Amino acid sequence: MKFYVSTPIYYVNDRPHIGHVYTTTIADIFARYHRLCGDDVFFLTGTDEHAAKVVDSAAQHGLTAQQWADQNAQAFQDTFQKLGIANDDFIRTSQPRHKDKVQQYVGELMKTGDVYLGEYEGWYDAGQEEYLTESKAKEYDYKSPFNGKPLVRKKEKNYFFKLSRYAEPLLKLLADQPDFVQPDIRRNEVANRIREGLNDVPISRTGGGDWGIKVPGDEQHVIYVWIDALINYLSTVDTPDRIKYWPANVHLIAKDILWFHAVIWPAMLLALKRPLPRQVYAHSFWIAEGQKMSKSLGNFVDLEKIDHYVGKYGLDAFRYFLASNGPLGTNDSDFAEAKFVEVYNANLANDLGNLVNRSLSMVQRYRGEVPAATGSQLRPEAEKMIAAYRDCMAQLDLTGALEHLRRYITRANQYVEENAPWKLAKDPTQAGKLNDVLYDLAESVRLISILITPVMPTIAGNIRAQLGGTAGVVPSMEEARWGLLAAGTKLGTIAPLFPKLDQAKK
Ligand code: ME8
């Protein structure tokens with residue numbers, strides 16, 4: 001099976017922060033999971049470069065828009081690379097491969113009869129690059145609902161897309177295919193807004209300078225940045241060798257840009273008669289230490305802070321925190337250092353680290369190799385957990401998948417206490433029982449190492465090396481079956497996975 005996952009393409013007027021890193025990290029985790037399942041994966045991220053605000057911030061830095069975009073697109077690429085993101089491509093909307101396709105699709109769109117030349121008079125949210133109706137503008141007191149800045153009054157000639165024609169088809173799509181927008185609450189929000197009526201939307205602008213992609217056949221007009229940006233999901237794979245990936249399986253985004261993805265993008269694709277993506281998944285927001293992140297508060301979890309966490313606790317622990325405590329569903333999440341430390345200590349150092357270390361140390365000490373077992377107590381629970389984990393991952397419920405794993409780890413630690421192998425080891429009549437217990441533990445560790453691979457690839461490799469395998473060999477979900485650990489396996493060097501925090505601080 002193929003699996004195509006995308007993230008939003010990020011504005012280059014700013015440097016990456018925790019929000020961008022989060023969406024891209026969870027996309028990376030789903031991509032890695034599907035690779036583990038043997039799927040043919042395409043994972044796309046990139047940068048959205050033709051916003052008007054890019055021109056403004058470039059000018060403030062004494063650079064051209066292109067220079068500023070180059071610099072910041074590089075910052076996104078460097079950041080993602082540093083954070084272990086294994087994307088298959090990085091699309092920049094200023095690249096010719098994208099621009100050519102955008103002109104082609106917009107050209108096609110203009111021939112559908114769904115585009116007309118008109119005049120727009122109303123309000124514009126420059127931060128979001130979004131047009132607002134009079135009633136919406138009034139509702140927000142003529143200020144941006146996103147950054148509080150005054151809305152800009154606009155009067156310009158635009159090409160319009162007849163979005164109004166698509167209210168019924170979109171409502172039908174949401175009803176027939178409830179998975180199209182997830183979570184459910186977000187789908188209901190979108191459906192309610194569509195029922196209020198759809199206005200036609202500008203797809204080009206004039207008078208904003210040259211930065212952008214020209215409307216084919218009418219060079220006075222530059223294609224509206226959101227139309228340009230949405231097309232990235234298709235333009236990148238519209239090549240003979242990649243078109244097999246379309247339609248995308250999931251566009252991962254946050255709730256701020258749901259309207260564009262759940263309404264404008266599918267309507268455009270309907271007009272162009274192209275297949276629609278299977279799902280738009282809109283997660284919620286990170287806040288920081290209990291407060292909304294904003295420029296005015298200067299409290300973004302920015303690259304410096306991210307570096308601090310990665311340096312102090314390790315990249316895999318950072319990824320685990322994002323994955324297990326992030327705003328994947330409908331609640332916002334707080335990125336707070338105290339919470340991070342709690343998760344690190346409880347779930348990683350004490351639960352996972354301790355289970356792996358004590359289990360393997362006891363196998364080594366009492367048997368010198370993985371013993372043969374005659375029966376298993378943990379097997380049914382392990383199998384149930386693996387099935388639940390897979391179900392959750394298939395539904396993008398990463399938090400749920402990790403919760404099943406965490407509970408199993410807790411259970412396995414409890415199993416150590418219940419069976420006290422150190423006591424069994426002293427009693428020769430219990431040798432068979434000790435073998436069973438040690439095998440249960442070693443096999444649990446092996447299975448856990450497979451299931452944590454998408455989230456903590458380095459730790460997972462490290463566990464497999466301790467189990468006598470080769471760290472660099474990527475496993476497959478096929479191996480997530482009880483009993484594949486061979487009796488007689490010699491272990492590698494056993495070492496703690498997560499340094500205790502007081503040591504890590506130094
Ligand atoms: O909107 N918590 O780009 P953008 C979680 N270029 N995720 C967050 C977040 C937060 N506090 N803040 C941002 C754009 N994000 C357009 C997209 S797509 C065709 C064009 C993440 O740089 C989240 O994924 O403003 C959100 O949707 C995205 O960054 C917005 O990034």
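Me: How many cavities of 30 Å³ or more are there, and what volume does the largest cavity have?
Reply: This is a predicted model. The count of cavities of 30 Å³ or more comes to one. The volume of the largest cavity is about 60 Å³.

Me: Which element gives the largest share of the lining of the largest cavity?
Reply: The lining residues include N347, L348, L402 and L405. Two elements, α13 and α15, each give two or more residues to this lining. The largest share, four residues, comes from α15.

Me: What distance does helix α15 reach from its first C-alpha to its last?
Reply: Helix α15 covers residues 398-419, which is 22 residues. At 1.5 Å a residue, a span of 32 Å is expected, and the helix comes close to that value. Its reach from first C-alpha to last is 32 Å.

Me: Which residue just after α15 takes a positive phi?
Reply: Helix α15 ends at residue 419. Just after this helix there is a residue with a positive phi of about 35°. That residue is A420.

Me: Is Y344 buried or exposed?
Reply: Y344 has its place in helix α13, residues 337-366. Its relative accessible area is 2%, and the cut-off for a buried residue is under 20%. Because 2% lies under that cut-off, Y344 is buried.

Me: What separation do the C-alpha atoms of Y344 and Y313 have?
Reply: Leaving aside neighbours within four places in sequence, Y344 is in contact with several residues, including Y313, A317 and F498. Y313 and Y344 are 31 residues apart along the chain. Their C-alpha atoms are separated by 7.9 Å.

Me: Which residues touch the most other members of the largest nonpolar core?
Reply: The largest nonpolar core has 96 residues. F318, for example, touches I18, L83, Y309 and F340, among others, when residues up to four places away in sequence are not counted. The residues that touch the most other members are F318, F335 and L398.

Me: Which residues lie nearest the centre of the second largest pocket?
Reply: The second largest pocket holds about 1,000 Å³ of space. Its lining has 33 residues, and the elements that give two or more of them include β4, α7 and α10. By class, 16 are nonpolar, five polar and twelve charged. Nearest the centre lie E130, Y131, K136, R193 and W259.

Me: What is omega for the cis peptide bond that joins Q182 and P183?
Reply: P183 is found in the loop between β7 and α7. The peptide bond joining Q182 and P183 is cis. Its omega is about -10°.

Me: Where does P247 lie?
Reply: The peptide bond from W246 to P247 is cis, with omega near 5°. P247 itself lies in the loop between α9 and β12.

Notes. Residues are numbered from 1 along each chain as its sequence is written. This is a predicted model: local features need pLDDT of at least 70, side-chain atom pairs count only at pLDDT 80 or more; totals for chains, interfaces and linings use all residues. Side-chain values use heavy atoms; hydrogens and water are left out. On a 1 Å grid over the protein atoms alone, a cavity is a set of points where a 1.4 Å probe fits but cannot get out, and a pocket is an open set with protein on both sides within 12 Å along at least five of seven lines; lining residues have an atom within 4 Å of a point. Grid points are joined across faces, edges and corners, and a volume is the space filled by probe spheres set on the points. Ala, Val, Leu, Ile, Met, Phe, Trp, Tyr, Cys and Pro count as nonpolar, Asp, Glu, Lys and Arg as charged, and the others, Gly among them, as polar. The expected span of a helix is 1.5 Å times one less than its number of residues. A nonpolar core is a set of buried Ala, Val, Leu, Ile, Met, Phe, Trp, Tyr and Cys residues joined through side-chain atoms within 4.5 Å. Buried means under 20% relative accessible area, exposed over 50%, partly exposed in between (1.4 Å probe, protein chains only). Contact means heavy atoms within 4.5 Å.
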